[in-house]
Amino acid sequence: MTSFTITLANQGGAAFDVDHRKPLLQSLREQGVDLPYGCKYGGCITCAAKIISGKVDQKAQRALNNRQINNGYIILCVARPMSDCTLEVGVESHDKLYRNPFLDPLAAHELKADIATPLEAKK
Amino acid sequence: MTNHCCGPGYASPAEAMRAPREKLLYTIAIYTGTGIQKPDYLCTIDVDPESSTYSQVISRLQMPGIGDELHHSGWNACSSCHGDASMERKYLIVPGVRSSNLHIVDCGTDPRNPTLFKVIDGAEIKTRTNLSAPHTVHCLGSEIIVSMLGDAQGNAPGGYLQLSKEFEIVGRWENSMGSIKFGYDFWYQPRHNVMVSSEWAAPNTFMPGFDLEEVGHLKYGREIHFWDFEKKEPKQTFYLGEDGLIPLEVRFHHNPDSSHGFVGAALSANIIHWWKDAAGDWQWEKIVDVDNEPHPEWPIPIPGVISVILLSMDDRYLYLCNWLHGDIRQYDISDPHNAKLTGQVWMGGLLGRAPEVNGVRVTGGPQMIQLSLDGKRLYVTTSLFSTWDNQFYPEIRTNGGCMLMVNCDTENGGMEIDPLFVVDFGKEPNGPSRCHETRYPGGDCTSDIWV
């Protein structure tokens, strides 16, 4: 088993060794970390966390738009670590997760991946 | 009173209107998405004005785990099995939209202290039916059907889960979803062999929050569907277009002979009316259009967002909530083609018309409503859905939701917020929670259908 170290910056820097094959939510909960979650299929955003450093594979997530991804959000119920990571977890990390769409519209490249217009494709 | 010999509910809407006044309410409250790591729960609220605990939460039933997002609920039996003396309105089915768990709550044994009878695990529902994200619950005689908004991976259109009266999974109710793109609410009118269903979006689209831009990419609904109820398959679709963006709550007339029904198009902020014409064909029209309101600092005007509609038991009044504007409206729909505005009250909302009511800061806007059987008391809650609350009303995290009551004039029309009734969910024992749909133990204006 390849394992990586996950550090939770907003939980006193607590560190956990996790299996790279398992979703982070599962690994962290199994080690006693109390985290929010909902759907467990990557679609509902309740478990979103912010990645400060490191890399994850979250191809299975369907909840985040590109702006949220650019702001560092990952979906813990489906994200698997690809390196050691430092995260902020829970709603304390959600400062940039939600926006009022009438106040702050998304640009075409900031939509979800399946409907976004890539920046380089724009004239 | 008549029919003590019979099953649950009432012989007719007219008989329901003569039922004793409601003394208890069941309202769900959530912690999902609030930052408080506690389960969502079902509140029992005392609404007996003679009681010393009037206008208070008197018991709380926690769900077994966190993250359900309780939302809507429905009874195991309603007036649709009034003729069946073996049936009893005893169990409330309380789904978790996010977890897909179905909680079966025994409200009959001790109505003031409901208990958890059974949980149907969301994982089992996904495995056996490829469905997730339960929403509306209706009983069908002795069977129960639940609209499920997604497949097991949160993609649209989902389908309908059927449960037996013993709360076992029967399987998929529908024989076909036809070309339906999305699911949400449904209501049936058996004497016309019809069910009408509406469209929100795929769970993967609406659960993370509302990206307005996705409407233009056809990620949200704009159609309603007329089903052959006996064949359990869609028969006709109406494309509502810009008039019907995000059609949500579906209400037929309570009168089982009537073909008239209504849906609130949330984003267009319109009421759509349908009926069967003399030739037997279904027709539709727009009967209410709420204008968008400009905001001094925002680039895009604010739509009303009609999050709910409801019909009084005598089918005379239609109530709607503009969750983002902050008003509740009462329309006289005696002539369903011509809705007449007869009442309006304000609570919360983004326009700043009524930030405080009865001493409580209203965070959110009027959202779910439930009307007494006699049509005189409308109970209102303020939270829509955790992620959408977090976008539009972020202060709800610390303030919580609230429940208010509106007194309705059933003779001349008109509404007034009751000055003595308020339940402040900002002061709940485990911290601020958010309240959503309400049910009455004896049935209410959105729970019962007559066959």
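Two strands count as paired here if DSSP finds at least two bridges between them. Helices (H or I, at least four residues) and strands (E, at least two) are DSSP runs, numbered from the N terminus.

Welcome to the structure; here are some points to follow with the model open. This is a predicted model, in which local features need pLDDT of at least 70 and side-chain atom pairs count only at pLDDT 80 or more, while totals for chains, interfaces and linings use all residues. Residues are numbered from 1 along each chain as its sequence is written, and chains are lettered from A and ligands numbered from 1 in the order in which they are written.

1. **A hairpin to start with.** In chain B, β14 (residues 223-228) and β15 (residues 233-239) pair in the antiparallel sense over six bridges. These two strands form a hairpin with four residues between them, and Lys232(B) in the turn has a positive phi of about 60°. On the other flank, β13 (residues 194-197) of chain B pairs with β14(B), again antiparallel, over four bridges. Phe226(B) is a handy landmark: Val196(B) stands opposite Phe226(B), and in β15(B) the bridge partner of Phe226(B) is Gln236(B).

2. **A four-stranded sheet.** Further along chain B, four strands form an open antiparallel sheet in the order β26-β27-β28-β29. Strands β26 (369-371) and β29 (415-424) of chain B stand at the edges with a single partner strand each, so one side of each is left without a neighbour in the sheet.

3. Three bridges join β26(B) to β27 (residues 377-381) of chain B, with Leu371(B) partnered by Leu378(B). Next, five bridges link β27(B) to β28(B), and here Thr381(B) has Met403(B) as its bridge partner. Six bridges then connect β28(B) to β29(B), where Met403(B) is partnered by Val423(B). The hairpin of β28(B) and β29(B) has six residues between the strands, and Gly413(B) in its turn has a positive phi of about 80°.

4. **A covered strand.** How many residues of β28 (residues 402-408) of chain B are buried? Six of its seven are, which leaves the strand mostly covered. A residue is called buried if 20 or more other C-beta atoms lie within 10 Å of its own, exposed if 12 or fewer, and partly exposed in between, with C-beta atoms placed from the backbone.

5. **The core.** A nonpolar core is a set of buried Ala, Val, Leu, Ile, Met, Phe, Trp, Tyr and Cys residues joined through C-beta atoms within 7 Å. The largest one has 164 residues, and those with the most contacts inside it are Ile75(A), Leu76(A), Leu318(B), Tyr319(B) and Ile369(B). Leaving aside neighbours within four places in sequence, Ile369(B) is in contact (C-beta atoms, placed from the backbone, within 7 Å) with residues including Val308(B), Tyr319(B), Leu378(B) and Val380(B).

6. **Where the chains meet.** In chain A, 26 residues are in contact with 30 residues of chain B. The chain A side divides into 17 nonpolar, six polar and three charged residues. For this count, Ala, Val, Leu, Ile, Met, Phe, Trp, Tyr, Cys and Pro are nonpolar, Asp, Glu, Lys and Arg are charged, and the others, Gly among them, are polar.

7. **A helix with a buried side.** Which residues of α2 (residues 122-129) of chain B are buried? They are Gly122(B), Ile125(B), Lys126(B) and Thr129(B). These residues cover an arc of only 100° around the axis, which puts them on the same side of α2(B) (the arc is that of the directions from the helix axis to the C-beta atoms). Their cover includes β7 (115-120), β8 (132-140), β10 (159-163) and β11 (169-172) of chain B.

8. **Backbone spots to check.** Most residues other than glycine have a negative phi, and most peptide bonds are trans. The peptide bond from Ala156(B) to Pro157(B) is cis, with omega near 5°; Pro157(B) sits in the loop between β9 (143-150) and β10 of chain B. Ala133(B), in strand β8 of chain B, has a positive phi near 60° and counts as buried, with 35 C-beta neighbours inside 10 Å. Val305(B) has a positive phi of about 55° and lies in the loop between β19 (282-289) and β20 (306-311) of chain B; Val305(B) is buried too, with 27 other C-beta atoms within 10 Å.

Note on methods:
Two residues are in contact if their C-beta atoms, placed from the backbone, lie within 7 Å.
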